[in-house]
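Hello,

Here is the structure I promised to pass on.

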Amino acid sequence: MVDVFLGLPSYIVKRSLVAIGLVIIVGTLNFAILHLAPGGPETVFLNPRITPAAKALILKQYGLDKPIQEQYFLYLVGIVTGKWGLSYFYTEPAFDVIAARVPATLLLMVPSLILTVIVGILMGIVSVRRPYTMLDRFLSSFAFFFYSMPVFWLGFILLTVFAVFLRVLPAGGMTSITTSGFDVLDYLQHLILPVVTLTLINLANFSLLVRSSMIEVLDQNYIMTARGKGLSERLVFYRHALRNGLLPTVTMLGLFVGSILTGAILTETVFSWPGLGSLTFDSITRRDYPVVLALFFIFSILTIFSNLITDIVYGVLDPRITYD
Amino acid sequence: MTNSSIAKSRLARASTFWRNYSRNKGALFALIFLVVLVLAAVFANYLFPGDVEAPNLGVEMMPPSSSAILGTDYLGRDQLALIVFGARTSLIVAFAAGGLLAVVGTLAGLMAGYYGGKMDGLIMRCADVFLTIPVLPLILVIVALTTPNLLNVMFAIGLTGWPVMARVVRSDSLALMKREFIEIERVMGASSRRILFKHLLPNQLNSIFVYASLSIPAVILTEAALEFLGLTPLSVSWGFMLNVSIDYWIRGTWWMSFFPGFAIFITALAFYFVSEGLKEALNPKLKRRRESLAVQIAEQKK
């Protein structure tokens, strides 16, 4: 076995290089997909009856007059320097358009992520403390049912029940029109339904995973040893088994962060939440290529690096993993 | 062995399979449900004769009643008829995209596992790239840039979903390659094609089958999401019915969003149960271990 502390730095360097390679490949793919599409970017936002002089001016302004190789080169340079081009729709830098939407998505995703992980892990633990009982079966089916639901459908049901019939919660949006500035109570009211929706849908990712990995761990010899030397079941469970049983959740967390955009697109559409998800969807339908390219890129990078960090953290937590 | 005894042993195997499968009551009900759904979709024309898409003025957005059990939509059309016709879209995409994903993933995984080395590296890095790009936005872009029709939706879903399948098949192939019977074949000079398709493939058909059925719910949910987002203006589909209901739910027309969504949910759930039943029946060692489904879902996500 390779010494962890000798192998780790070189492993990190190697994995980082692979990650950077992936970033370049993904960036190239993004660029290619959007520019090789029928029509190309310029057919999207130009009025066909525009005069040739005006057309040339606009193309020049957006850098579309240059040869495709040069556009690609400028795109790669631009990514690094934060110059992501002008949005066709907002005629503002794409960077600014996206940056303005980041807080809304974070305000939605961070609470739901925390809630999902905590509730999911707790449910898994409760399940596995009494495996194959009614409670276990109920919790597992509960998580699994929501897992198979379309996220937008659950959103609709909750909206109809709580906003239309019971009228206790607002029907979408992030703030009420009447409030000015940041009103915490108002924000929380708007937050409840989307967060509950996202949490219910994603619970199974963690609860079923913790349950199955704990069942596996509790079956192992070292647990039998711990029981054999007379430790209480509580101590065996929480001190010895839980540590290893929770390892797979680290991987799941890494994957989960990467899938946030997918969840955001659907959830933000249903709840009219003004974040990156609705921006992605709107920009695709408007064919606002600079914004789409940039969003794609950001989320690909987020996925690549959350995977990278997951692998490294996993290695630190689980000394059995060797780096080669 | 004579022909009749081969037939007998096949029959015996089929009946063992069925006994194991039907022991899982959830899987049995799910299968019955799916068979009924497929039949209803196939014979939709006979169940609901006439043009179900034609608007009926005067009965728009009626709640469920004896004349329209699931209510009517914003054009006064019977929602039950629309949902049965919508099953066609869902099931066609589910089977076609699921099949495409399975074929591409299986071939990629077999090649990676059999040839190893550079081929393995190339295929698996390709898979990594696909796993890195956020899938739903990628599919959205593909569908938005090409003509948004059913065929492109199927291709987009099928071509973005293969990497997980490829990983599963690759690791199974790697394990099989170390087995003696493959080594003997190689020593005897069997061709690559023989080893790939006479040994590697048949020996993991069961797990390929199970994983393909396990990927179908995800295909159904993705297809519904695409239609819900309104990028594929298909006249009759569950996702698009939900898309239309966005404009009306605030008036309390719960049936317009509830029933199409319920159809998506229950169909996806049924495929999960069937895949669980298949796995238990094809792999008796795993029988009665329900947690394995969760493990597989977790594995699939990796």
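A word on conventions: residues are numbered from 1 along each chain as its sequence is written, and chains are lettered from A in the order in which they are written. This is a predicted model, in which local features need pLDDT of at least 70 and side-chain atom pairs count only at pLDDT 80 or more, while totals for chains, interfaces and linings use all residues.

Chain A has 14 helices and 0 strands (DSSP runs, H or I of at least four residues for helices and E of at least two for strands, numbered from the N terminus). Of its 324 residues, 35% are buried (20 or more other C-beta atoms within 10 Å of a residue's own, with C-beta atoms placed from the backbone). Among the contacts in chain A between residues at least 6 apart in sequence, 70% join residues at least 24 apart (a contact means C-beta atoms, placed from the backbone, within 7 Å).

Now to the interface. On chain A, 41 residues are in contact with 37 residues of chain B. Helix 7 (151-165) of chain A is one of the elements giving two or more residues to that side, and helix 7 of chain A supplies the largest share, 8 residues. By class, the side of chain A that touches chain B has 31 nonpolar, 9 polar and 1 charged residues (Ala, Val, Leu, Ile, Met, Phe, Trp, Tyr, Cys and Pro count as nonpolar, Asp, Glu, Lys and Arg as charged, and the others, Gly among them, as polar).

Helix 7 of chain A also meets helix 12 of chain A: their axes come within 9 Å and cross at roughly 25° (axes are lines fitted to C-alpha atoms, for helices over the stretch in contact, and angles run from 0 to 180 degrees between N-to-C directions). That makes the two helices roughly parallel (angles under 35 degrees). V151(A), F152(A), G155(A) and F156(A) in helix 7 meet residues of helix 12 including G263(A) and L266(A).

Best wishes

Key:
A residue is buried if 20 or more other C-beta atoms lie within 10 Å of its own, exposed if 12 or fewer, and partly exposed in between; C-beta atoms are placed from the backbone. Two residues are in contact if their C-beta atoms, placed from the backbone, lie within 7 Å. Angles under 35 degrees count as roughly parallel, over 145 as roughly antiparallel, 65 to 115 as roughly perpendicular and the rest as oblique.
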